[in-house]
Amino acid sequence: MSTEPLNGPERTSEFYDVSNLILVELWNENFHHGYWLSEDDESSNQVATDRLTDLLIEKSGLGQGGRVLDVGCGIGTSTFRLAESTPAEIVGISNNQSQIDEANRRARARGLDHRVSFENADVLALPYADGSFDVVWVFEALMHMDRVPTLREIRRVLRPGGRVVVTDLLQHGPLSEDARRTVETHMEEMLSGSLLEQEAYRALVAESGLEVVELTDISEHTKKTAWRVYDAVNERHDEMVERYGQEVSGLLEVFRNPVGLLPQVGYLIAVARRPA
Ligand SMILES: C[S@@+](CC[C@H](N)C(=O)[O-])C[C@H]1O[C@@H](n2cnc3c(N)ncnc32)[C@H](O)[C@@H]1O
């Protein structure tokens with residue numbers, strides 16, 4: 001599999017300078033999808049997004065602790081949840097300085113800064129020694145990154161036998177011409193690479209020198225995310241523009257058309273390990 005077009009870390013960082021504010025207002029402090037138990041489950045966005053974090057914690061196998069790298073950590077909300085439910089030592093990285101400042105401020109406020117810290121770093125040049133982490137999380141961040149080189153760099157910092165837990169968007173089957181155009185436009189606006197089908201994901205993990213532990217399609221549980229975002233933008237669009245200025249209107253348009261509204265777009269949890 002070839003590499004994907006790069007958006008460049010500077011562009012993603014600028015994107016998040018604006019998105020950080022809008023996401024907290026319209027979604028919550030977790031910058032990832034929610035997990036609902038069934039169609040009738042009306043859990044809040046906060047509860048549903050925390051539930052997805054809990055699922056990742058479970059898949060990380062960190063009951064006895066260990067050293068964790070959280071790649072693309074946002075403002076650290078899921079990092080803190082992981083820290084509060086395991087004895088792990090965690091380093092979160094993002095290429096957006098406002099996120100790092102806010103995450104470190106919150107770590108101090110929660111009294112977690114002795115074992116949770118955040119650093120500004122680009123995923124393709126991780127400032128850590130080979131084999132220095134037991135677990136790496138890439139929680140809804142890989143779509144912004146060139147996937148194979150990213151997973152290879154993650155493999156480098158994982159100890160042999162260590163695992164990487166990833167969530168990503170997933171494509172189900174072929175797309176019509178219309179759907180393909182919608183997906184391409186949206187992914188470009190979200191500074192994201194292409195959508196992959198589950199089998200392509202399996203190939204990508206192998207190409208990165210990792211072994212698949214599991215690939216779990218959780219699309220049925222995450223589907224409400226797109227509709228909740230759509231409703232929130234429609235309800236609060238004018239208020240957001242009034243508060244943050246006209247410069248947020250482009251981003252609001254992007255969030256008003258989440259790609260997850262398409263039936264062919266779902267969500268995947270991938271767990272892989274560095275061969276021992
Ligand atoms: C959708 S957010 C997910 C945040 C967090 N994992 C969560 O679940 O709340 C994507 C994250 O990836 C980070 N990111 C994007 N490109 C990056 C890069 N090249 N290097 C490091 N972080 C990056 C963004 O700054 C952001 O923190």
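Predicted model: local features only at pLDDT ≥ 70, side-chain atom pairs only at ≥ 80, totals over all residues.
1. Start with the open sheet: seven strands, with mixed pairing, running in the order S3-S2-S1-S4-S5-S7-S6. Strand S3 (116–120) and strand S6 (211–217) are the edge strands, each pairing on one side only. On average, neighbouring strands are turned by 15 degrees against each other, direction ignored.

2. Val212 is a handy place to begin, as its bridge partner in S7 is Ala272. As a reminder, strands of a sheet pair through backbone hydrogen bonds, either parallel or antiparallel.

3. **Helices on the sheet.** Helix H4 (residues 97–109) packs on the sheet and touches strand S2 (89–94) as well as S3. The direction of H4 makes about 165 degrees with that of S3. Helix H7 (residues 198–207) also packs on the sheet, where its contacts are strand S5 (158–171), S6 and S7. Between the directions of H7 and S6 the angle is about 160 degrees.

4. **The ligand shell.** The ligand has 23 residues around it, and the closest are Phe31, His32, Gly72, Gly74 and Ala141. Helix H1 (9–26), helix H3 (77–85) and S2 each supply at least two residues of this shell. H1 gives the most, with three. Sorted by class, the shell holds nine nonpolar, twelve polar and two charged residues.

5. **Glu140.** Have a look at the backbone here: phi of Glu140 is near 55 degrees, a positive value in a residue other than glycine. Most residues other than glycine have a negative phi. Glu140 sits in the loop between S4 and H5. Is Glu140 buried or exposed? Buried, because 22 other C-beta atoms lie within 10 Å and the cut-off is 20 or more.

6. **Leu191.** Leu191 has a positive phi too, near 55 degrees. You'll find Leu191 in the loop between helix H6 (177–189) and H7. With 20 other C-beta atoms within 10 Å, Leu191 is buried, since the cut-off is 20 or more.

Methods:
Residues numbered from 1 in each chain as written. Pairing = 2+ DSSP bridges. Helix = DSSP H or I, 4+ residues; strand = E, 2+ residues; numbered from the N terminus. Axes fitted to C-alpha atoms, helices over the stretch in contact; angles between N-to-C directions. Contact = placed C-beta atoms within 7 Å. Near = placed C-beta within 6 Å. Nonpolar A, V, L, I, M, F, W, Y, C, P; charged D, E, K, R; others polar. Buried ≥ 20, exposed ≤ 12 C-beta atoms within 10 Å, placed from the backbone.
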